[in-house]
Amino acid sequence: ANALITPRKLLVIIQFTFAVVLIICTIIIRQQLQYAQDRDTGYKKDNLAYVMLSGNMDKHYQSIKNELLSSGAASAVSKTSAPITQGWSDSWDFFWAGKDIIKKLDFNVFNTDGDLSKTMGLKIVEGRDIDIKNYPTDSSAIMLNEAAVKIMGFKNPIGQIVKNGEAPNFKILHVVGVVKDFILQSPYEPIKPMIIQGPKSWFNVIHFRMNNANSTVENLKRAEAVFKKYNPDYPFEYHFIDQDYAKKFGDEQRTHTLASLFAGLTIIISCLGLFGLAAYMAQNRIKEIGVRKVLGASVVGVTTLLSKDFLKLVVISFIIASPIAWYAMHKWLEAYPYRITISVWVFVIAALLTIVISLITVSSQAIKAALTNPVKSLRSE
């Protein structure tokens, strides 16, 4: 009778199958989240803040910039088209020598008035930053990211000419620098080619790197005084880049929390089912246990005998759950171009965890049955 799958056993198998699926999914979601969070952003997120341009800010920008630096609130300031955590513009209106005319290549477009690498902590791989003060011709300068250099096929990008717009009115731009690729939009996507345009562009944001010598509170107090001075009609509303960047993981964080919660609940329910089944089976086999003990079976031997049956159920659950979990996670990960590969050790951990949990649950009943006085159990029959 023990070999047959009874409704009670079937219920335990179903419960543990759910538990194993959820354990595996929780581990994989956590890995994917960690993988994207650990990805190098390409810029320094900490101590970097921005303010949206409003009111008279643009008109007084030069004074605001100078005073943010002289007051000690900031160590670098740069006016840009968008926050560095968001790409607000793209275009395929760029042409260069050797471009395949038929191919439509889309570029992220980012604008700066200068000091971009210093403010954001970007790494310049070749050439230099846009700097209109020391190089007046930089009004038509651009920088490229590594992905753009690659797609444009430039062996020596510095000094290359790029045209933008429609002939005959196109703008002639020249490359002065190449920046290391940085994440503008999703940390789960490959980095798109980017063209960074100079001061003759449009702007929406002022980024400022806060002075390391002061506390954040002190830096913000000084910055607020500067913005209030030149833009008194508007509140000083600042945003931190590291907080903005963290929001990019919100969905995955919620999925992980929910999966963990459900995994925990399912494990508790499964253990209750297993505990009930163990008590029932121990009661059913009380005479057998008594006979074995009279014949000299040890407590360990009897406990092992009883636990073995349940381990089989857990192993069956694991065999059913593994392909289901693998398929579900394989499908979920397909949504992320930048993703982990599902490794075998995830399944090993899930199997060990389930076995340990089930053994703890069952062994309490099995030990209790094994410790019962055999004379008592045989008399009760």
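Helices are DSSP runs of H or I with at least four residues, numbered from the N terminus. In this predicted model, Thr17 has its place in helix α1. With a relative accessibility of 11%, Thr17 counts as buried. Apart from residues up to four places away in sequence, Thr17 touches Ser317, Ile320 and Ala321.

Two or more of its residues come from each of α1 (7–37) and α9 (299–333). Ile316 sits in helix α9 and, at 33% relative accessibility, counts as partly exposed. Ala213 is found in the loop between β11 (205–210) and α5 (216–230). Its relative accessibility is 67%, so Ala213 counts as exposed.

In soluble globular proteins, nonpolar side chains tend to be buried together. The largest nonpolar core of this model has 48 residues. Those touching the most other members are Ile24, Tyr43, Ile84, Leu122, Phe182 and Ile196. Helix α1 makes the greatest contribution to this core, 11 residues. The contacts of Phe182, leaving out residues up to four places away in sequence, are with Thr41, Gly42, Tyr43, Ile84, Leu122, Ile191, Met194 and Ile196. There is also a second, separate core of 19 residues, with Ile64, Leu68, Ala73 and Ile206 among them.

A disulfide is a covalent bond between the sulfur atoms of two cysteines. The structure holds 0 disulfides. The sulfur of Cys25 has its closest cysteine sulfur in Cys271, at 18 Å, which is too far for a bond; a disulfide requires the two sulfur atoms to be within 2.5 Å. Cys271 is likewise in no disulfide. Both cysteines count as buried, Cys25 at 10% relative accessibility and Cys271 at 14%.

Side chains of opposite charge can pair when their charged atoms come close. The model contains 15 salt bridges. In one of them, Asp309 pairs with Arg285, and the closest N and O atoms are 2.7 Å apart. Asp309 lies in helix α9 and Arg285 in the loop between α7 (250–284) and α8 (286–294), so this pair ties together parts that are 24 residues apart in sequence. Arg285 is buried, as is Asp309, the latter with a relative accessible area of 14%. Asp309 also forms a salt bridge with Lys312, at 3.9 Å from N to O. These two residues are 3 apart in helix α9 and therefore separated by about one helical turn. A network of salt bridges links Arg285, Glu288, Arg292, Asp309 and Lys312.

A further salt bridge joins the side chains of Lys331 and Glu334, at 3.6 Å from N to O. Lys331 is partly exposed at 42% relative accessibility, and Glu334 is partly exposed with a relative accessible area of 42%. Trp326 is placed in helix α9 and counts as partly exposed, at 39% relative accessibility. Beyond its neighbours within four places in sequence, Trp326 is in contact with Ile342 and Phe347. The C-alpha atoms of Trp326 and Phe347 are separated by 9.1 Å, while the residues are 21 apart along the chain.

How values were computed:
Residues are numbered from 1 along each chain as its sequence is written. This is a predicted model: local features need pLDDT of at least 70, side-chain atom pairs count only at pLDDT 80 or more; totals for chains, interfaces and linings use all residues. Side-chain values use heavy atoms; hydrogens and water are left out. Buried means under 20% relative accessible area, exposed over 50%, partly exposed in between (1.4 Å probe, protein chains only). A nonpolar core is a set of buried Ala, Val, Leu, Ile, Met, Phe, Trp, Tyr and Cys residues joined through side-chain atoms within 4.5 Å. Contact means heavy atoms within 4.5 Å. A salt bridge is a side-chain nitrogen of Lys or Arg within 4 Å of a carboxyl oxygen of Asp or Glu.
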